[in-house]
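Biologist: I have not looked at this one before. Can you take me through it?
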Amino acid sequence: MATIDQAASARTGIGVPARHRFGLALLLLAACALPFVLSSYQTFQATMVLVYAIALLGLNILTGFNGQISLGHGAFYAIGAYTAAILIDQSLVPYWATVPIAGFVCLVIGFLFGLPATRLTGLYLALATFALAVATPQILKYHGIEKWTGGSQGIILDKPAAPTFLPLTSDQWLYFVCLIVTVPMFVIGRNLLHGRTGRALVAIRDHPIAAASMGIDTSFYKSMSFGVSALYTGIAGALGAFVAGFVSPDSFMIFLSITLLVGMLVGGVGSIAGAFFGAVFIEFVPNLADQISKAAPWAIYGVFLIGFMYLMPSGVAGLIRYWTSRLKL
Amino acid sequence: MLRRTMLTAAAALAVNAGAARAEETPGVTATEIKIGNTMPYSGNASAYGVIGKADAAYFQMINDQGGINGHKINFITLDDGYTPPKTVEQTRRLVEQEQVAIIFNGLGTAANSAVQKYLNQRKVPQLFVSTGASKWGHPDEFHWTMGWQPDYQTEAKIYAKYILKEKPEGKIAILWQNDDFGKDYVAGIKAVLGDKYDKMVVKDVSYEVADPTVDSQIVTLQSSGADTLVIAATPKFAAQAVRKVYDIGWHPLEFLTNVSISVGSVMNPAGPEKGVGIITAGYGKDPTDPTWKDDPGMQQWRAFMTKYLPDADQSDASNVFGYGVSMTLVQVLKQCGDDFSRENIMKQAANLNDFELPTLLPGIKINTSPTDYYPIQDMHLQKWDGKSWVLFGDVISGS
Amino acid sequence: MQALLHQILSGLANGGIYASVALALVMIYQSTHHVNYAQGEMAMFSTYFAWTLIDAGVPYWGAFFLTILFSFGLGVLIERVILRPVANAPVLSVVVVFIGLLVILNSLAGWIYSYMIKSFPSPFPNDAWYGSAYMSPHEVGMIGVTLAVLLLVFLFFRFTPLGLAMRAAAQNPVSSRLVGIRVGWMLAIGWGLAGAVGSVAGMMAAPVLYLDPNMMTGVVLYGFAAALLGGIDNPWGAAFGGFIVGVMENIAGAYVVGTELKLTVALVIIIGVLIVKPSGLFGRVLVQRV
């Protein structure tokens with residue numbers, strides 16, 4: 001019995017092979033050491049990479065694993081960011097509490113959005129989410145809620161300072177806060193996606209009719225994946241708000257949603273590690289494109305995009321998987 | 001032995017002194033001053049990126065002429081795509097990585113709001129920001145932030161005062177862009193009209209930058225029965241508004257924001273005959289206005305454009321703006337003498353007295369003081385006659 | 001009452017623009033079953049081409065038809081060169097390629113032509129008899145052109161062998177190949193036609209909207225809403241949807257939710273249609289066979 005269970009878990013991949021665990025531990029150690037090696041500005045950039053990674057994992061849950069295309073995840077990022085900002089601005093809760101609250105708010109909103117969205121497929125859903133992303137800045141500016149959202153002026157946030165007993169700068173502390181959030185979120189995400197739930201999501205993505213006939217409650221899973229995906233992205237938004245120190249409707253235009261989609265694709269659809277590769281791409285490549293051409297930086301960016309789709313359709317993660325399997329690592 | 005020790009000690013002292021000096025004057029070496037800037041070179045506000053290019057060209061010209069007090073200007077401008085998070089990132093890069101002396105002429109209200117606290121906390125001058133929002137002139141709260149152009153509220157107040165004087169029974173309609181820019185106009189009119197606001201302003205409608213046209217808004221405003229219209233819109237929408245007002249046969253007394261008075265990009269596309277009678281308040285000379293065809297100040301500007309920005313569009317008023325604001329900065333730096341520390345730069349920025357630019361309307365001068373952080377507050381009313389903007393009345397002080 | 005009439009007519013004028021964009025979207029969908037997110041930018045780019053010709057002295061109608069040819073060629077080129085390699089890729093990759101295209105065209109236009117607005121001439125004289133205070137001659141003419149293009153497209157798809165072949169290629173490429181239809185070229189022509197229709201939309205819209213690289217970004221969302229509302233596979237529906245969206249947008253903005261939530265209205269329309277009747281008002285309902 002024991003051996004069968006072990007064999008089963010090895011096949012389905014719940015357990016992490018020992019050599020991978022060692023590698024991950026090393027990575028974690030390196031991540032903890034980073035803020036002491038990098039400059040303040042580079043730590044700030046590294047923190048943004050963590051934030052984007054969480055957001056991309058969220059998007060990947062929905063689009064990569066469950067196959068529901070979302071061109072509007074910027075909206076959930078914005079909701080998370082504004083929730084955190086409003087809570088802090090109105091001095092309702094301490095800053096660390098805003099993150100789970102923002103996540104919960106987005107979970108609910110995501111789930112509610114996901115309910116009617118179960119009836120939409122492929123490009124229709126893409127259109128609906130696209131419309132959501134385009135309308136979000138306008139909704140944020142609405143004068144009816146201006147008292148809380150600050151309207152087009154936005155809200156300025158104070159950077160949380162490290163507790164007095166720790167000799168860390170604000171940037172370093174914020175990095176660790178994000179790291180403390182990132183690690184469990186990825187662990188939970190991984191367990192979720194490599195377990196029964198993940199298999200259900202993938203089944204719904206690849207063969208929805210077969211999945212339904214096998215008794216998987218497709219509507220529930222689809223709405224839930226919307227909710228969970230929004231939760232992740234909302235948490236990323238809340239953290240991102242603190243890193244930037246400022247939220248305004250202009251911060252969350254349609255380009256944000258497009259950027260997230262691009263990040264997910266470059267990193268690798270359906271890949272958890274891909275979230276990090278994609279985050280690095282989003283954070284650093286626009287600056288690169290800027291340096292290549294001041295005149296038309298987005299044209300260069302667009303060329304990068306199309307090039308990636310041709311050369312690396314399964315993203316960086318896919319490429320790594322390919323090479324590691326070739327070299328039998 | 002002793003001599004070697006003395007020499008080493010002297011060298012150490014010299015290096016330390018140099019290092020200390022470098023810390024006191026970040027971004028400044030014996031031969032250059034580093035100036036940082038963020039501009040939207042991409043995204044939907046990229047039209048304003050022209051200002052950044054004009055700034056760069058102007059500093060190139062100054063460098064060709066020898067620089068300022070032997071210092072060349074190293075102008076580092078980065079794209080922020082008009083998104084505040086990007087502005088934060090690029091500004092941090094400029095301050096912490098590039099170690100610039102000042103942040104100059106950053107564009108956008110939201111962009112500058114995002115970094116205002118950061119720059120003031122770090123005591124980095126945020127000089128001559130490229131936005132007319134009224135919030136930049138508060139030295140008591142933000143000692144290191146200063147605007148340049150006349151702010152939108154001041155301009156709106158001038159219009160409101162004119163209406164009170166010339167058309168006190170007027171029924172006012174306002175078309176405003178739904179952001180800080182448009183809201184400032186509404187606020188300015190409110191400030192002057194006070195409790196008369198509710199009676200006189202019969203309708204105000206907003207529009208989004210994402211809207212294709214403002215035709216529907218104009219129709220709504222006309223149906224309110226107003227006989228006075230204030231247009232607080234950016235060039236594309238201003239042109240649409242001016243054209244639509246004429247086409248539907250409405251002839252109110254119209255006021256147009258200074259942001260959108262370009263002959264080449266607003267009045268002519270709208271149809272020059274359709275804007276006859278529109279009043280605006282100006283402070284700079286429009287490069288496409290025939291009035292300034294032979295004006296020596298504008299000839300000077302044209303010579304600069306031909307030499308340093310030969311491919312640029314000379315009908316784009318952003319090039320005049322960039323030229324003027326860069327010239328102002330160069331004046332500030334010249335006033336600094338040898339001391340280019342951030343404190344001194346800020347001090348000199350708050351010490352401009354009757355400084356004139358060849359591209360400002362006659363009679364308009366730049367003045368700042370430690371309590372007056374609005375460099376340009378004077379404006380001059382002008383009226384469109386179908387061909388150009390004709391000045392009338394006197395220079396009005398907005399202070 | 002007069003104001004209401006005015007809003008409706010103004011809405012119809014805007015609706016004409018949305019209708020022509022929706023038409024181009026439907027054309028691409030009918031020929032390739034893809035939604036072209038870069039449709040607006042292609043139209044804008046074509047309009048800049050027309051502007052360049054007119055600026056160089058070419059008379060309006062000459063420039064008009066040359067631009068249609070250019071846009072047809074551009075569409076074919078895009079399909080052959082950029083989309084062909086990802087033809088069998090998952091939907092997501094195709095969406096990203098469209099977005100890349102959108103971004104490239106927008107950026108190129110800004111680089112080549114700068115972001116200052118340019119005026120674009122209208123072929124309809126300013127004092128024509130069909131103009132009025134409610135709708136300028138151009139706005140009336142624009143609706144006329146939209147309907148004419150619509151008719152041509154409908155006739156083409158319904159009554160010509162090529163149109164039939166294209167529809168077959170989109171619906172069932174495998175069977176189409178078996179009967180000898182060059183599926184690859186059908187797709188390319190579909191794109192070419194959509195490009196041409198889009199360019200007409202752009203050239204009609206530019207005198208009203210003013211030409212700048214971001215001219216179509218606001219329009220595209222309403223175009224999508226229109227195409228969905230009318231039925232993404234029905235040209236008449238798309239055009240009708242365009243007019244409805246235009247009028248609804250104006251009425252909602254003027255009387256219901258105020259101008260500050262107009263985009264939200266588009267969002268609600270899109271989501272509402274997709275939930276209640278995904279095939280749109282006039283589209284065909286697709287039954288999924290197990």
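Predicted model: local features only at pLDDT ≥ 70, side-chain atom pairs only at ≥ 80, totals over all residues.

Biologist: What does the secondary structure of chain A come to?
Modeller: Chain A has 15 helices and 2 strands.

Biologist: What does the C-alpha trace of chain A span along its principal axes?
Modeller: About 60 × 45 × 45 Å. The radius of gyration of chain A is 20 Å, which agrees with a compact globule, because a globule of 329 residues would have a value near 20 Å.

Biologist: How much of chain A is buried?
Modeller: Buried residues are 53% of the 329 in chain A. As for contacts in chain A with a separation of 6 or more, 77% are between residues 24 or more positions apart.

Biologist: Now chain B. Which strands form the open sheet, and in what order?
Modeller: The order is S2-S1-S3-S4 in chain B, with parallel pairing. Strand S2 (72-79) and strand S4 (126-127) of chain B are the edge strands, each pairing on one side only.

Biologist: How many bridges join S3 to S4 in chain B?
Modeller: There are 2 bridges between strand S3 (residues 102-104) of chain B and S4(B). B:Phe104 is opposite B:Leu127 in S4(B).

Biologist: And S10 and S11 of chain B, do they run parallel or antiparallel?
Modeller: Antiparallel, with 6 bridges joining S10 (residues 378-384) to S11 (residues 389-397) in chain B. B:Gln382 has B:Leu391 as its bridge partner in S11(B).

Biologist: What lies between S10(B) and S11(B)?
Modeller: They form a hairpin with 4 residues between them, and B:Gly386 in the turn has a positive phi of about 105°.

Conventions. Residues numbered from 1 in each chain as written. Chains lettered and ligands numbered in written order. Pairing = 2+ DSSP bridges. Rg over C-alpha atoms; globule rule 2.2 N^0.38 Å. Buried ≥ 20, exposed ≤ 12 C-beta atoms within 10 Å, placed from the backbone. Contact = placed C-beta atoms within 7 Å.
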